[in-house]
Amino acid sequence: MTLAPSRDSVLPDRITNASLRSFLGGVGTVDEVMTHRRVAELATRSIKKDSKRAALLTAVRMMDLTTLEGRDTPGKVRQLAAKAIRPIPGDPTIPSTAAVCVYPNLVPVAAEAVAGTGVRVASVATYFPSGQLGTPEKVAEVEHVVSLGADEIDMVIDRGAFLRGDYLAVFDEIRRIKDACGDLHLKVILETGELASYDDVRRASMLAMAAGGDFIKTSTGKISPAATREVTLVMLKAIADFADATGVQVGMKPAGGIRTAKDAIRYLVILNETLGAGWMTPEWFRFGASSLLNDVLMQIRWLDTGRYQDPDHFTEA
Amino acid sequence: MNRLDVRKTYKLYIGGKFPRSESGRSYPAKSTDGEVLARVSLASRKDLRMAVEAARQAQAGWAGLTGYNRGQILYRIAEMLEDRHDTFVGQIVAAGAKPRAATDEVSAAIDALVWYAGWADKFAQVHGNLNPVAGPYFNISAPEPTGVFGIVAPDAPALLGLVARLAPVIVSGNTAVVLASEPSPMPAITFTEILATSDVPPGVVNMLTGSTEELVPWLADHGDVDGIDVMGASPQQRKRLQEGGALDIKRIVGLRGSVVDRSPQLIGAFTETKTVWHPKGR
Amino acid sequence: MQDTSKVTDTTPAKTTGATIDLPGDWRYAPSRQSSAPVTIADRYGLFINGGWQRPASGEWFPTINPSTEETLSEIAVADGADVGRAVKAARNAYEEVWGPMSGTERAKYLFRIARMIQERAREIAVLETMDGGKPIRESRDFDIPQAAAHFFYHAGWADKLEYAFPGIDPKPLGVAAQVIPWNFPFLMLAWKIAPALATGNTVVLKPAETTSLTALFFASICDEAGLPPGVVNLVTGAGETGAGLVSHPDVDKVAFTGSTAVGKRIQADLAGTSKKLTLELGGKGAHIVFDDAALDDAVEGVVNGIFFNQGHVCCAGSRLLVQETIHDRFVDKLKRRLATLRVGDPLDKNTDVGAINSRAQLDKITDLVESGVADGAEIFQPRCDLPERGFWFVPTLFTDVSQSHRIAQEEIFGPVLSILTFRDPEEAVTKANNTPYGLSAGVWTQKGSRILWMADRLDAGVVWANTFNQFDPASPFGGYKESGFGREGGRHGLLAYMDTGI
């Protein structure tokens, strides 16, 4: 029997905090040691030559090139957009990144800068990074950001509510923000550095997916640790189980702390051997990063030329 | 007129009961100068089979008792043995020993039981330990009883040899099928009467009297015997027991050392080491 | 080669939209470990009394690379006379040098050997992979580092033996005859030689016929380490050489790792002697997965448990007992994970499953797998492109397996997992224990009390709970029942080489 994909298929008929608690109680647990072991094993994959080039180009295409600083200016964002559109000036073989990711204020600037290039504009919202405000205000912020012209919204979950067991509050908030997003892609940031264990990461992943997140994302980048390969593996496995249970495909975005091409390739290996071909595209996997791009570009040049590169030959965004 | 004494019938001890040999056979136990002391059962291969069955049946339950509990039962055996000290001295003297030697032997047997009784809730601490592995794992090794042991009890000293070989077998939770001293079977049978009244669960110790030569091949080749203590066997019998043991990788104990060894290592020889790993994670 | 008509689709049945269809389009380019640092001689003699000697037999046999079937070298056949010379050399070394030497001095030799293994780890790993067919990832990351660790661990014991066992005055046994298998050639050598030398024994070791090269490499390490002549002697050859060694009258100790059938023969051969014997034999390990387990981690454990080293592992979790409530889901996950295993060139750093060690072993695996199909079990094999030459077997799952099937009873020693179900803990234990073997068992459940309950009841020398195939020099390893007796590793392992008077 084939059923239409539906997130509801994993949810209780009547959604209450108790019924959500019982749903999350059934999503299973994660063994920390085995998770680390598997990540270590996959880190020994030796990616060379053409497969390395393919991975690096894929990584560029998957990148949400990000600047999230108080001192961001329109000028800075325009530079970032230019870098996203054409990472190496004059080299059309290097693809554009998936998106630029900015604060709400700068969405109009970014949208104008990337217009017509295929590069999307992602904006953080929901009182990023802490999310410490009421749901109505967060919804209002998201509605505003949508009106400014963002293509994608990166929200943060209410970690306090999650950790005190108020799953209904977390769930409702995501639902309402998803409603406010309309057709826009919603990425739900779990801020895994603030969740106590991989079991919590798995539960938060399931809750975010069930509530309507199109992507789940590790971190704001403002908390350490940000993305780790281990936490990414845990989330990818949750995505696999969610797809199995509902037929709904959810994307993944590790963000923060991914700085080297080697790192990026290791993430792609984990993705490749956990979710495989169906997720190996920018539609379903993103890197949230700022300094990663240049290292990836340097590595591509090294493959091209066989010579180690000087960072000064790669533009700062 | 002298009162006619009532003689005891010396029977086998299987599964907590005292049957005669199913074969209906018996043989005379004699003193060193040839006097017939009693007729005792001449156990058959079928008796051995039943003894192994009883031992197997009793094993999980016996091993499942706490060490504290098994220790008290072994101590109880010592108490009962002390109580019948003179009976054993009489039997050992009747078989030809000097009274002083017989007294010492019985005392030593009692003391050995007390010594092993105290090990019941300690040997695992001596034989087991945490293993400091190079990784995030809890890793512990602990001894467990092997299962059913056959014991070829030494011909002499008939009581002390029996006790010294039996106690380290059962203290950890093994059960035993014992081939008693063929020339001096009476202390062994009297000892089973003590076992029967010392809270030792039926089947934990099963005693066969008879021809060691006849029973050794059946014990050696029995598929449900996990190990054999060959200390009391002749060189030829040892070889036969080792050959039979090779059919199913039986543990062969008693190739070295002496009849009256008393060592925690001996308890260890009748156990298996189990190592359990578990990750340490959040 | 596999009969492809039996191969079922890799894609698990789906009832919904999103599907996970592995592997991806992104192919990893070959990343071959260079074999350049390794030099292999055309021919190897016997390492006896610190020197290389021609075999008395004048005979050599070829050793091949099972992934290419190319001959790597020729290995001497040691006959009775050679074994006699080796035992004599070991006896002399024991009496003249190694026996009288202080523990501290012995320790320093072992530390030195451990360091030399670390220094030459890459060479040994490459050699191991070429000679035996195991993936370089495993020989590099597991076999050789573990071997070094074994020497390091045991080195430290050499001058502390009086603290190991209360009341026991530590004494060596004398000359140890050691026969090892082909699945972990260098590591098994370390498991045998390190504790024997640490406790003051000398050694005559016979490596397996198909995997002698790393043992012969070890001879050069002994030589460079300045180990006194005769302390370690190596005799190469087939079963006959091993039989001659273990039954040699001047041997005090026999240690064997290998099949239960050969173990029984050795135990019988030793009847009538009081040689100390330890046996590490076959297994048919049960891997038990409860429905509350961390399933993805359990999948990893199960896959590692049976496909590690092509399943050539005595403690492999070759029988999966999965709780009925999660059977279909778990099998789906397993199949998907199987599809990501990379089978092929063992020297490729990305290979997960290498070559089967020998033609004979491949034939045995093939025979048992055919019996599984004939008995009515359902076979699953992911699609794999296998090299044309060499010995290969696709990772295989069997579902619908009954306890009475040969594939549920016999040790396959290959990458073949038989899946059965159970309903409750009692049944899981009963099924797990229903085998003459008793080497290993795995339990996956999040319930602590159940783990301990299960661990108490499983007849296995090693119980891995929420993990599998973990090894450590400090952790004793060995079997219950027909998986053998005696322990290797840890404090317990020392007993195998000490005369405790018992």
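**Exercise 1. Locate K447(C) and state how exposed it is.**

K447(C) sits in the loop between strand 16 (440–444) and helix 14 (448–457) of chain C. Helices (H or I, at least four residues) and strands (E, at least two) are DSSP runs, numbered from the N terminus. The relative accessibility of K447(C) is 42%, so K447(C) counts as partly exposed; buried means under 20% relative accessible area, exposed over 50%, and partly exposed in between (1.4 Å probe, protein chains only). Along the chain, K447(C) and D292(C) are 155 residues apart, yet their C-alpha atoms are separated by 7.8 Å.

The model is predicted: local features need pLDDT of at least 70 and side-chain atom pairs pLDDT 80 or more, while totals for chains, interfaces and linings use all residues. Residues are numbered from 1 along each chain as its sequence is written, chains are lettered from A and ligands numbered from 1 in the order in which they are written, and side-chain values use heavy atoms, without hydrogens and water.

**Exercise 2. For the salt bridges D226(B)–R56(B), R91(C)–D250(C) and K431(C)–E427(C), state which parts of the chain each one joins.**

Step 1. A salt bridge is a side-chain nitrogen of Lys or Arg within 4 Å of a carboxyl oxygen of Asp or Glu. Over all chains, 69 are found.

Step 2. D226(B) and R56(B) meet at 2.8 Å, N to O. D226(B) belongs to the loop between helix 8 (212–221) and strand 8 (227–229) of chain B, and R56(B) to helix 1 (residues 45–64), so the pair ties together parts 170 residues apart in sequence. D226(B) is buried at 19%, and R56(B) is partly exposed at 27%.

Step 3. For R91(C) and D250(C) the N to O distance is 3.0 Å. R91(C) is in helix 1 (residues 80–98) of chain C and D250(C) in the loop between helix 7 (239–246) and strand 9 (253–257), so parts 159 residues apart in sequence are tied together. R91(C) is buried at 12%, whereas D250(C) is partly exposed at 30%.

Step 4. K431(C) and E427(C) meet at 3.4 Å, N to O. Both lie in helix 13 (residues 425–433) of chain C, four residues apart, about one turn. An α-helix has 3.6 residues a turn, so residues three or four places apart point the same way.

**Exercise 3. Describe the largest nonpolar core and where its residues come from.**

Step 1. A nonpolar core is a set of buried Ala, Val, Leu, Ile, Met, Phe, Trp, Tyr and Cys residues joined through side-chain atoms within 4.5 Å. The largest has 110 residues; among those with the most contacts inside it are I117(C), F151(C) and F218(C).

Step 2. Helix 5 (residues 185–198) of chain C gives this core its largest share, eleven residues.

Step 3. At least three residues come from each of domain 1 (43–281 + 480–497) and domain 2 (283–465) of chain C; the bounds come from an automatic or database domain assignment.
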